[in-house]
Amino acid sequence: MGSRSCSPVPLSQREQGQVHNLWVHLHSSLRDGVPQLQICSWQGSPPAFVLNLEEIAMRSHPAEAPAQEGKEKKPKKEKEEKPAQEKKPKKEEAPEDPLALFGRAHLQVSRLFEVQKHPSADKLLVAKCDVGQGEVRTLVAGLALHYQPAELEGRLVCTVTNLKPAKLVGVESQAMLFAATDPATQRVATLVPPEGSQPGDRITVEGVAPAEGLAIVQKKHWDKVVEGFVIQANQAHFHEHILRTARGVVTCPGVADGSTFH
């Protein structure tokens, strides 16, 4: 039907009932999107009144009222990507003086006794180790293919006693024995302390004072120390420095120059 301006006219009781029925229908159709609707009679008479559906919707369902024209939702601000920060390069640790690293190790003379084969490993020997001052430790060494237990019984050897104890095939070794390997013949020989040595005698090099106490030496530091052990002219060296006790020089006869020991 067409839209015309008109003045309200009185409605009969019957027409009011019809309008009420129309209102119920219109109220249930508020979501149809029609902004307004004029109610007229069936005889072509002018509209009785105008229903503003938008206003009715706002009063009936305020939460569902359509957004007012001209008010647009503000677009969400996109998060600005922060430029990736460059990682600062790690500071390289300055290489430590080899002599300072050597000074951390507790090298000393020890005596072996009760030497026997390892119960579960053919290449290992197990021995008691007198490290001086009445202290006895267990020592496990890979010498079974090179020495009979009787050959090492009562022998003075060179050991390091402040490494972290290590289990070797189920037996904990609390000290490590030094032996050199000839690269040409594969002969293995233990280092020999100077004559007159006693268990507990400290082994050092000239210019390095023996470390006090028995602080555990970290493996990464010990590995750097071992790199410097070599035999030259039957004498044990740490780089160019000769290993010695207060009684004399540590030797290793029977292996070629350049043989390493650990």
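1. A cavity is a set of grid points where a 1.4 Å probe fits but cannot get out, and its lining residues have an atom within 4 Å of a point. Keep that in mind for the first points. The model is predicted.

2. How many cavities of 30 Å³ or more are there? The count comes to 3. This note looks at the second largest cavity, which holds about 40 Å³ of space.

3. Ten names to find in the structure: the second largest cavity is lined by Leu 112, Val 115, Leu 125, Val 126, Ala 127, Leu 139, Ala 141, Leu 143, Leu 152 and Leu 177. Strands S3 (107-117), S4 (125-132) and S5 (135-141) each give two or more residues to this lining. S4 gives the most, with 3 residues.

4. What is the make-up of that lining: nonpolar, polar or charged? It has 10 nonpolar residues, no polar ones and no charged ones.

5. Now follow S3 to a partner. S3 and S6 run antiparallel and are joined by 5 bridges. Strands of a sheet pair through backbone hydrogen bonds, either parallel or antiparallel.

6. Next, look at His 106. It sits in the loop between helix H3 (98-104) and S3. Is His 106 buried or exposed? His 106 counts as buried because its relative accessibility is 11%, and the cut-off for buried is under 20%.

7. What does His 106 touch? Its side chain makes a polar contact of 3.0 Å with the side chain of Thr 161. Leaving aside neighbours within four places in sequence, His 106 is in contact with Thr 159, Val 160, Thr 161, Asn 162, Arg 202, Ala 211, Gly 213 and Leu 214.

8. Last, a separate topic: an open sheet. Three strands form it in the order S11-S10-S17, with antiparallel pairing. Which strands are at the edges? They are S11 (188-190) and S17 (260-261), and each pairs on one side only.

9. Look at one pairing in that open sheet. S10 (residues 179-181) and S17 pair in the antiparallel sense over 2 bridges. Thr 181 has Thr 260 as its bridge partner in S17.

Note on methods. Residues numbered from 1 in each chain as written. Predicted model: local features only at pLDDT ≥ 70, side-chain atom pairs only at ≥ 80, totals over all residues. Heavy atoms only, no water. 1 Å grid on protein atoms, 1.4 Å probe; cavity = no way out; pocket = protein on both sides within 12 Å on 5 of 7 lines; lining within 4 Å. Points joined across faces, edges and corners; volume = space filled by probe spheres on them. Helix = DSSP H or I, 4+ residues; strand = E, 2+ residues; numbered from the N terminus. Nonpolar A, V, L, I, M, F, W, Y, C, P; charged D, E, K, R; others polar. Pairing = 2+ DSSP bridges. Buried < 20%, exposed > 50% of the residue type's maximum accessible area, 1.4 Å probe, protein only. Polar contact = N/O pair within 3.5 Å; in protein donor to acceptor, adjacent residues only side chain to side chain. Contact = heavy atoms within 4.5 Å.
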